[in-house]
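Here's a quick tour of some contacts and charged pairs. Have the model open alongside as you read.

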Amino acid sequence: MKIEVEGTEKYGTDSYVDLFNGILLDVGLTRMVEAVRFVIKPSDPLFLISIRTRKAPGLVKVSDIADISATEGGTMVTIRDETYAPTLISVLWQKYGRERVDQLTRLELFCRGVPEKEILDLGLDPGEELKSKILDAIWRLLPEGFKIRHNISSERITTVAATEHEMKKEWIEMAEKIHSEMEVD
Amino acid sequence: MYKVLMFDGGVYRINELYELVEDIGGFVIQKTQVQVQIIVTIVIPEEDLAVIEKKTQELGGKLTEVPLAGTEVAVVAPTLGRHHMPHPVCDIAEHLRRYGAITVVMGLARGKGRQTAQISADEKSTIEEYDAAVFVLGNFEDCITKEKVRLFENIEIPVIVACGPDIAQLPGCEALVTGVCRKVERMRRAEEIAKLEEIAEALGKIVEVRRRRVDEDPLFVHPAEMKQRIESLEAVQKSLRPAPIVLHLDGLRVKIPFEEWKDQLAGIDIFGHRLGDVSRISGARIGGSTIIKILTKSEVDARDSKGTASTA
């Protein structure tokens, strides 16, 4: 992971880099982050972070990661690839509600009254999950009082500039510049 | 001056220790018995340490000094949010307990941010009920030296500041420990534990100075002795709160409601005086507790002579 830091205080910036590494470890993203840039100027006050992730795996069809079979009263789903289990369960719960999706064992689900075809057509997007985890890591890292934020997001890059009172135009421009530089790097 | 010690040994002949402590004018603060093992916290006059050491040796126990015993310390963070609160604050509070202090973790309502960080008068008064406060601040020098110093200015108890950057000194605090910053994990590495030790040591020194200062004009009774008298109160015995009576350097916190119990408390006999006459009793800022500040011997004498004069 490539880390670039720009700041007015060495101790503060170094400790925030350590903190960021710890947070990435906590949310399980260490291997997914390719590059990070920090601009930390407490006297302004400005905290800017731009993160570039690796390319997330594309859309995965449910039929690729689980065995699906129609049974009486619904569809039985047996997960083959465990890594997708939490995402698949949350997608099914979101779509059909908890009362219609029973988790029989760790990897076996029964969807009551759901046609087999509907589940076969379902797709999981790991990119969405990655994005939400990145945002979670950023919220954990940002200084608590810096509530005024400007966010820029593209496919692989997320940039957040945060301050305490008023977001200056030059900071927004700086965030945009850093964001576009991260695209090129 | 009194010294607080912890005896760790067996229950066999332990009564001999209790009797000796009583004979030399000391007190037993706490007894924790686990089967045949017992840990006893005692307060004894400093000059009688050798006698107690001899008795401990005779009983086959171990005697350790607990420099912060008999104190209640507030560990204050700018907020209770995860940005400030979890690891350093809890680790510091836990480490101070190992040295005998009762610690309370506190988060300010509006302490977040840089310029927006503030402390209310109410919060300051709450903190001032404790013997000392440890303020745990952040990673940036600019933020601490220019803005966060306001959080602990004019606090009338000793303040220790723990923060990240290597700052030479800060106004308004009695000790400063640097190298303690925001963390996402517990402080368990050797250098981190050394920092916790540094904080405990700094607090130990401050407490020692305060104890000596209190000793210059001694209290009418030692808080531990007053604790023994108050313990007999029914409300205290029925209290389910952990440590219903907490010792302070110059008094006590009794965890029973002030309004309901102030008269009974004031009526307790202390060497022929009413407790209300030898102390100032008030309600604590944190509900359901009472703060007792013991008057000094000279204050009580002055009151007594004034009373006698007016009777005459």
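## Domains 1 and 3 of chain B

Across the interface of domain 1 and domain 3 of chain B there is 1 residue pair in polar contact, both residues at pLDDT 80 or more. A polar contact here is a pair of N or O atoms within 3.5 Å; within protein, one must be able to donate a hydrogen and the other to accept it, and residues adjacent in sequence count only if both atoms are side-chain atoms. On the domain 1 side, strand E2 (residues 27–34) of chain B gives the largest share of what touches domain 3, 3 residues. That side divides into 4 nonpolar residues, no polar and no charged (nonpolar means Ala, Val, Leu, Ile, Met, Phe, Trp, Tyr, Cys and Pro; charged means Asp, Glu, Lys and Arg; the others, Gly among them, are polar). Strands (E, at least two residues) and helices (H or I, at least four) are DSSP runs, numbered from the N terminus.

A word on ground rules: this is a predicted model, where local features need pLDDT of at least 70, side-chain atom pairs count only at pLDDT 80 or more, and totals for chains, interfaces and linings use all residues. Residues are numbered from 1 along each chain as its sequence is written, chains are lettered from A and ligands numbered from 1 in the order in which they are written, and side-chain values use heavy atoms, with hydrogens and water left out.

Chain B as a whole splits into domain 1 (2–65), domain 2 (72–212) and domain 3 (223–311), with bounds from an automatic or database domain assignment. Domains 1 and 3 of chain B bury about 370 Å² between them, 65% of it from carbon and sulfur atoms. In domain 1 of chain B, Phe27(B), Val28(B) and Ile29(B) lose the most area to domain 3, together 96% of what that side buries. Buried area is the accessible area (1.4 Å probe) that two parts lose on being put together, summed over both.

## Where chains A and B meet

The two chains bury about 1,900 Å² between them, 57% of it on carbon and sulfur atoms. In chain A, Tyr11(A), Leu19(A) and Glu144(A) lose the most area to chain B, together 32% of what that side buries. The interface has 12 residue pairs in polar contact, both at pLDDT 80 or more. H1(A) gives the most to the chain A side, with 9 residues. By class, that side has 11 nonpolar, 7 polar and 7 charged residues.

And salt bridges between chains A and B? The count is 0, where a salt bridge is a side-chain nitrogen of Lys or Arg within 4 Å of a carboxyl oxygen of Asp or Glu.

## Charged pairs

Over all chains, the salt bridges come to 46. Lys55(A) and Glu155(A) form one at 3.6 Å, N to O, linking loops 100 residues apart. Both of these residues are exposed (over 50% relative accessible area; buried is under 20%, partly exposed in between; 1.4 Å probe, protein chains only).

In chain B, Glu46(B) and Lys3(B) pair up at 3.8 Å. Glu46(B) is in the loop between strand E3 (37–45) and helix H2 (49–59) of chain B and Lys3(B) is in strand E1, so the pair ties together parts 43 residues apart in sequence. Glu46(B) is partly exposed at 27%, while Lys3(B) is buried at 18%.
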